[in-house]
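Here is a friendly note to read alongside the model. Please keep the sequence and the 3D view open as you go through the points.

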Amino acid sequence: MIVRDLEEARKGERLVTANGWDSTRLLLAGDGMGFSFHITRIAPGTTHEFHYKHHFESVYCISGHGEIEDLDTGKTYQIRPGVMYALDRNDRHRLSASDELVLACCFNPPVTGTEVHREDGSYAPAGELEQNA
Ligand code: 9YT
């Protein structure tokens, strides 16, 4: 069994900080679960474009308010506590927070913990060594 505490995890390398968001990886590929599990905070007033071309992601809003736009269809959805979205088509999307969003996120395949966002908003596919191309 794996038991981890978010506040403890935030004190170490599980916390990844980026411009306008941070994410604490409570489960990573190395845990062998077949998915990774993250608690992500999106700073108020920020907007982010992501495109996880090589991963499926589901996201559940624990607290805060914002909006997600499907960049292929132009459709927007309100994010509020209790709402879940799943990027089942590796959807290109824009996420914005009006007040701080706290989100629980699952990735399949799991992230390893070393990925950085590439220019196109994606993470490298699992198993690919270079991370920034
Ligand atoms: C909301 C969202 O896309 N979260 C993704 C998790 C974050 N980008 C991470 O942990 O890398």
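1. **What you are looking at.** This is a predicted model, where local features need pLDDT of at least 70, side-chain atom pairs count only at pLDDT 80 or more, and totals for chains, interfaces and linings use all residues. Residues are numbered from 1 along each chain as its sequence is written, and side-chain values use heavy atoms, with hydrogens and water left out.

2. **The chain.** You will find 1 helix and 8 strands here; helices (H or I, at least four residues) and strands (E, at least two) are DSSP runs, numbered from the N terminus. Starting at the N terminus, the order is α-β-β-β-β-β-β-β-β. The chain has 133 residues, and 40% of them count as buried. Buried means under 20% relative accessible area, exposed means over 50%, and partly exposed is in between (1.4 Å probe, protein chains only).

3. **The shell around the ligand.** How many residues surround the ligand? There are 15, and the closest are Ser23, Arg25, His38, Tyr52 and Tyr123. A residue is near a molecule if one of its heavy atoms lies within 4 Å of it. By type, the shell has 9 nonpolar, 4 polar and 2 charged residues. Here Ala, Val, Leu, Ile, Met, Phe, Trp, Tyr, Cys and Pro count as nonpolar, Asp, Glu, Lys and Arg as charged, and the others, Gly among them, as polar.

4. At least two shell residues come from each of β2 (21–27), β3 (36–42) and β8 (93–108). The strand that gives the most is β8, with 4 residues.

5. In the side chain of Arg25, an N or O atom is 2.6 Å from an oxygen atom of the ligand. Glu57 has a polar side-chain atom 3.0 Å from a ligand oxygen atom, and Tyr52 has one 3.0 Å from a ligand nitrogen atom. The protein covers 100% of the 320 Å² of accessible area that the ligand has on its own. Such areas come from the Shrake-Rupley method with a 1.4 Å probe; for residues, only the protein chains shown count as cover.

6. **His93.** Is His93 buried or exposed? It counts as buried, because its relative accessibility is 2%. His93 is in strand β8, and its side chain reaches the backbone oxygen of Asp91 at 2.9 Å. His93 and Glu49 are 44 residues apart in sequence, yet their C-alpha atoms are 5.7 Å apart in space.

7. **Leu95.** This residue also belongs to strand β8. Leu95 has a relative accessible area of 2%, so it is buried. Glu69 is 26 residues from Leu95 along the chain, and 6.6 Å separates their C-alpha atoms.

8. **Two backbone details.** In the loop between β7 (84–87) and β8 you can find Asn90, which has a positive phi of about 50 degrees although it is not a glycine. Asn108 and Pro109 are joined by a cis peptide bond, with omega about -5 degrees. Pro109 lies in the segment after β8.

How values were computed
Polar contact = N/O pair within 3.5 Å; in protein donor to acceptor, adjacent residues only side chain to side chain.
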